[in-house]
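Subject: Structure for you to look at

Hello,

Here is the structure I promised to pass on. Please open it next to this message and follow along.

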Amino acid sequence: MKKTKFLFPFLFSLLLVVSGCSKDDDEVVDETDDITGGEEPEETPNDPEALDLSQYSSGQKVMMQTFYWDVEPRFEWWNNLSDKVEGWADAGIDRIWLPVATKGQSGGYSMGYDPSDYFDFGEYDQHGTVPTRFGTREELENLISKSHELGLEVIADIVLNHNSGGGLEYNPYREKDTYTLFNEENGNASGMFNRNYEHFHPNDVSQSDEGDLFFSEQDVDHDVPYVQDWFWKNENSVAKYYKNEMGFDGWRFDYVKGFGTWVIEGWMNEVGGFAVGENFDGNADVLVDWVDATGVSAFDFAAFYKMEEAFDRFDDLNYLDGNTLRKVNPDKAVTFVANHDTEKDENEDNRIATENKMKAYAYILTHDGYPTIFYSDYENEAFNEEIKQLIEIHNSLALGDVEVLHVDNNEYVMKREGNAENPGLILYISTGNSTKRRNVQTNWNNVTLLDYSGNTTYTPTSDENGMAIIEAPANGYSIYSITK
């Protein structure tokens with residue numbers, strides 16, 4: 001078999017990656033019921049020349065989640081990210097999602113999801129530390145400034161549902177002491193947005209909010225006008241301070257099940273920007289309804305669980321064609337393979353196994369939706385070059401309508417239509433134990449095809465009707481498009 005001449009010097013190294021490896025050239029191809037219609041074409045007599053992907057654009061890039069749970073080293077994370085953002089920008093990232101940037105009850109150990117002072121970015125001595133777990137305010141501002149110079153938007157993680165780390169006070173609504181006093185001496189050294197029991201449920205305004213109950217005694221009451229003023233309405237509100245003073249460009253809203261959709265609407269009406277909500281629900285209908293109500297994007301947990309079911313739980317690729325937010329409203333679907341919560345979850349059904357991650361990344365980086373890369377996966381040496389190549393394919397060829405050409409329990413073939421200027425692509429995933437080939441309808445007539453993932457060197461030529469036999473390596477994937 002002739003070797004294909006690639007323009008990308010690292011493609012051949014991808015053949016060694018476990019999750020997407022091709023078999024040796026002399027491996028027997030499993031052709032039982034795989035090739036349908038027509039005879040297998042001869043391979044092209046000349047080495048095909050790959051497209052220069054830098055000359056193509058899908059019109060969309062990729063977001064990076066820049067943290068995992070309990071990042072190390074403590075107090076150095078902003079500096080660590082500052083060293084990485086240039087490489088991420090070069091790889092095709094356009095947004096970075098930062099961890100919660102302000103002081104939490106756990107001080108130097110806090111990941112930020114126990115918010116105490118919304119205006120302490122690592123400059124006040126409280127909860128046992130001046131810097132946050134991630135560093136100082138100055139280091140954060142340097143990171144934001146450098147990111148902007150590189151053309152990266154910076155997304156703030158916003159926790160609106162609950163607070164932690166206040167002082168004890170008598171709460172007449174609960175008839176006991178509660179940790180609901182937030183002032184300069186009690187968990188709010190900035191002195192901005194001081195709070196007491198009147199600003200948490202229950203109070204004389206409301207007993208509870210529309211969402212699920214979490215942190216019940218410190219569940220913030222958004223119905224209280226004072227809370228609305230400080231969260232998004234005032235000129236020095238959290239929303240406006242983060243945008244105008246700190247330079248954040250958008251928002252990741254934590255635990256949106258905890259409050260009504262009108263809260264997100266109120267925030268967005270004041271400051272705008274890109275936004276995505278964490279509605280931790282595998283039911284696509286729930287996600288669609290939430291997106292319709294708020295007008296902002298949501299993480300596509302439905303797609304995440306379909307991938308987990310397809311690759312792990314049931315080992316059946318039919319699940320990839322299930323109902324997801326991406327299929328209903330791709331413009332509002334933020335897809336992902338892993339995040340800080342899934343990776344630390346002890347329930348194996350709530351995470352995608354390491355050996356299947358690259359097939360999952362191939363899925364989200366070729367389909368519609370806005371993909372997110374997880375920091376730990378990108379920084380994994382076994383995955384890094386492969387993810388970079390998938391990002392390049394996504395940013396260049398992942399364009400046009402999605403059409404599933406074939407799906408069964410161990411094969412999945414999907415086509416992106418492209419347009420007059422962009423050829424699009426075909427993704428072929430196989431979980432079988434041997435190399436697979438399948439005859440599929442392409443949009444390309446009489447042209448030699450190439451696997452731009454580098455996982456197979458098989459280079460078929462389509463016929464005058466656009467039919468072509470493509471190949472997927474054992475337990476891996478290929479991504480075909482045209483050559484020059």
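Below is what I found, from the whole chain down to single residues.

**The whole chain**

Keep in mind that this is a predicted model. The protein chain has 484 residues, and 59% of them count as buried. Its secondary structure comes to 11 helices and 19 strands. The accessible surface is about 18400 Å², and carbon and sulfur atoms make up 43% of that. Residues 24 or more positions apart account for 68% of them.

**The barrel**

Look for the barrel. Eight strands close it, in the order E1-E2-E5-E8-E9-E10-E11-E12, with parallel pairing. From one strand to the next, the twist averages 25 degrees. As background, strands of a sheet pair through backbone hydrogen bonds, either parallel or antiparallel.

Zoom in on one pair. E2 covers residues 93-97 and E5 covers residues 153-158. The two run parallel and are joined by three bridges. Arginine 95 stands opposite glutamate 153 in E5.

Then go to E11 (333-336) and E12 (370-374). Helix H9, residues 357-364, lies across both. H9 runs at about 150 degrees to E12.

**Glycine 277**

Which strand holds glycine 277? The answer is E9, residues 274-277. The relative accessible area of glycine 277 is 0%, so this residue is buried. Leaving out residues up to four places away in sequence, glycine 277 touches Phe253, Val256, Trp290, Ser297, Ala298 and Phe299. Tryptophan 251 is 26 residues away from glycine 277 in sequence, yet the C-alpha atoms of the two are 8.3 Å apart.

**Helices H3, H4 and H5**

H5 spans residues 261-271. Its buried residues are Val263, Ile264, Gly266, Trp267, Met268 and Val271. What covers them? The cover includes E5, H3 (225-233), H4 (238-246), E8 (250-253), E9 and H6 (284-294). Glycine 272 follows H5 and has a positive phi, near 60 degrees.

H3 and H4 also pack against each other. Their axes are 4 Å apart, at an angle of about 15 degrees. Angles under 35 degrees count as roughly parallel, so that is the word for H3 and H4. On the H3 side, the residues that meet H4 are Trp230, Phe231, Trp232 and Lys233. On the H4 side, they are Val238, Ala239 and Lys240.

**Proline 99**

Proline 99 is in the loop between E2 and E3 (103-104). Is proline 99 buried or exposed? It counts as buried, because its relative accessibility is 1% and the cut-off is under 20%. Its contacts, leaving aside neighbours within four places in sequence, are Thr66, Phe67, Trp78, Phe134 and Asp157. Glycine 112 is 13 residues from proline 99 along the chain, and their C-alpha atoms are separated by 7.0 Å.

**Strands E16 and E18**

E16 pairs with E18 (residues 467-472) in the antiparallel sense, over six bridges. In that pair, glutamine 441 has methionine 467 in E18 as its bridge partner. Five of the six residues of E16 are buried, so the rest of the structure largely encloses this strand.

Threonine 448 counts as buried, at 14% relative accessibility. Its side chain makes a polar contact of 3.1 Å with the side chain of threonine 461.

**Backbone details to check**

Most residues other than glycine have a negative phi, and most peptide bonds are trans. These spots depart from that:

- Glutamate 72 and proline 73 are joined by a cis peptide bond, with omega about 0 degrees. Proline 73 is in the loop between E1 (62-65) and H1 (77-91).
- Histidine 201 and proline 202 are also joined by a cis peptide bond, with omega about -10 degrees. Proline 202 is in the loop between E7 (176-181) and H3.
- Phenylalanine 193 has a positive phi, near 55 degrees. It lies in the loop between E7 and H3, and it counts as buried at 1% relative accessibility.
- Asparagine 475 has a positive phi of about 50 degrees. It is in the loop between E18 and E19 (476-482). Its relative accessible area is 31%, so asparagine 475 is partly exposed.

Best wishes

Methods:
Residues are numbered from 1 along each chain as its sequence is written. This is a predicted model: local features need pLDDT of at least 70, side-chain atom pairs count only at pLDDT 80 or more; totals for chains, interfaces and linings use all residues. Side-chain values use heavy atoms; hydrogens and water are left out. Buried means under 20% relative accessible area, exposed over 50%, partly exposed in between (1.4 Å probe, protein chains only). Contact means heavy atoms within 4.5 Å. Accessible areas come from the Shrake-Rupley method with a 1.4 Å probe; for residues, only the protein chains shown count as cover. Two strands pair if DSSP finds at least two bridges between them. Axes are lines fitted to C-alpha atoms, for helices over the stretch in contact, and angles run from 0 to 180 degrees between N-to-C directions. A polar contact is a pair of N or O atoms within 3.5 Å; within protein, one must be able to donate a hydrogen and the other to accept it, and residues adjacent in sequence count only if both atoms are side-chain atoms. Angles under 35 degrees count as roughly parallel, over 145 as roughly antiparallel, 65 to 115 as roughly perpendicular and the rest as oblique.
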